[in-house]
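Please report on this predicted model. Take the loops, the core, the aromatic rings and the pocket in turn.

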Amino acid sequence: MKTRTTIRILLLGTVLGLLSGCASYPISKGLRQEAKPLTLAQVNAHPHGYTDATVIWGGQIVTTVNSTNGGSIYVLKLPLNSDGRPSRYSISPGRFIAHRNGFIDPEIFRKGQLITVAGAITGVKTQPLQKSQYTYPVIGIEELHLWNRRPVTYYYSPAWYWGAYGPGLSWGWYGPGWAWYGPGWAWGWGPGWDRDWD
């Protein structure tokens, strides 16, 4: 009986592992094959040399604006993970603009959200940023993926502590904040939400 249970658990783990490894990339295969591994610095240095080159870039939305020329998403560029998702906690090399001829709803594409964009480089645009002029590479949007909020695990556990009257045992949910902890141990798990995007 124990052997059958162990086999079932191993099979379930294998299936879940395969499913998690089959997560689809948010950009179509055709654009992925066309895309060039260009950096912001390369495009800024030779904007005319890379016009019409296809790239897949992503990052965190700074702002979304619309004008008579269409909609533009200003993005703080971040490196992409293997699934095409921007890595929020990486160092950004700079900013770029994702542009399309139609309206882009700023309530949907809000500041702080993560996006992945595929399209051709149309040039660069220099605009005021604070007290200086900033040059943005511009991508004409062909495909765009907005990443959604993802669940994460928070932890709760029984934990030993040392109090005013000696050692004891306590347990419960742990939220954000700070406290002074004495020697001891803790274990456990529980569901929750974080501020990241998936």
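## Phe 103 and its loop

Phe 103 counts as exposed, because its relative accessibility is 57%. Exposed means over 50% relative accessible area, buried means under 20%, and partly exposed lies in between (1.4 Å probe, protein chains only). Phe 103 sits in the loop between E3 and E4. Its C-alpha lies 9.2 Å from that of Thr 68, and the two are 35 residues apart in sequence.

This is a predicted model, in which local features need pLDDT of at least 70 and side-chain atom pairs count only at pLDDT 80 or more, while totals for chains, interfaces and linings use all residues. Residues are numbered from 1 along each chain as its sequence is written, and side-chain values use heavy atoms, with hydrogens and water left out.

## Overall build

The protein has three helices and nine strands. Both are DSSP runs, numbered from the N terminus: helices are H or I with at least four residues, strands are E with at least two. Along the sequence the pattern reads α-α-α-β-β-β-β-β-β-β-β-β.

Of the 198 residues, 31% count as buried. The protein exposes about 13600 Å², and carbon and sulfur atoms supply 59% of that area. Accessible areas come from the Shrake-Rupley method with a 1.4 Å probe; for residues, only the protein chains shown count as cover. Among contacts (heavy atoms within 4.5 Å) with a separation of 6 or more, 63% join residues 24 or more positions apart.

## Loop residues

Asn 69 lies in the loop between E1 and E2. Its relative accessible area is 57%, so Asn 69 is exposed. Leaving aside neighbours within four places in sequence, Asn 69 is in contact with His 99, Arg 100 and Asn 101. Asn 69 and Asn 101 are 32 residues apart in sequence, yet 6.3 Å apart in space, C-alpha to C-alpha.

Ser 87 belongs to the loop between strand E2 (70–78) and strand E3 (95–100). Is Ser 87 buried or exposed? Ser 87 is buried, because its relative accessible area is 18%. Beyond neighbours within four places in sequence, Ser 87 is in contact with Leu 78, Pro 79 and Asn 81.

## Positive phi

Most residues other than glycine have a negative phi. Asp 52 is not a glycine, yet has a positive phi of about 80°. Asp 52 lies in the loop between helix H3 (40–45) and strand E1 (54–67). Asp 52 counts as exposed, because its relative accessibility is 60%.

Gln 130 also is not a glycine and has a positive phi, of about 55°. Its place is the loop between strand E4 (114–129) and strand E5 (132–146). Gln 130 counts as exposed at 81% relative accessibility.

## Nonpolar core

The largest nonpolar core has 17 residues. Such a core is a set of buried Ala, Val, Leu, Ile, Met, Phe, Trp, Tyr and Cys residues joined through side-chain atoms within 4.5 Å. Which elements give two or more residues to this core? They are H3, E1, E2, E3 and E4.

Trp 57, Ile 73, Phe 96 and Ile 115 have the most contacts inside the core. Not counting residues up to four places away in sequence, Ile 115 touches residues including Trp 57, Ile 73, Phe 109, Leu 144 and Trp 147.

## Aromatic pairs

The whole structure holds three aromatic pairs. Rings of Phe, Tyr and Trp (its six-membered ring) pair if their centres lie within 6.5 Å; planes under 30 degrees apart count as stacked, over 60 as edge-to-face and the rest as tilted. The rings of Tyr 74 and Tyr 136 have centres 5.3 Å apart and planes at 90°, so this pair is edge-to-face. Tyr 74 lies in strand E2 and Tyr 136 in strand E5, so the pair ties together parts 62 residues apart in sequence.

Tyr 74 and Tyr 136 are both buried. With Tyr 134, they form one aromatic cluster.

## Second largest pocket

The second largest pocket has a volume of about 160 Å³. A pocket is an open set of points on a 1 Å grid over the protein atoms alone, where a 1.4 Å probe fits, with protein on both sides within 12 Å along at least five of seven lines; lining residues have an atom within 4 Å of a point. Grid points are joined across faces, edges and corners, and the volume is the space filled by probe spheres set on the points.

The lining includes Asn 69, Tyr 74, Ile 97, His 99, Lys 125 and Val 138. E1, E2, E3 and E4 each supply at least two lining residues.
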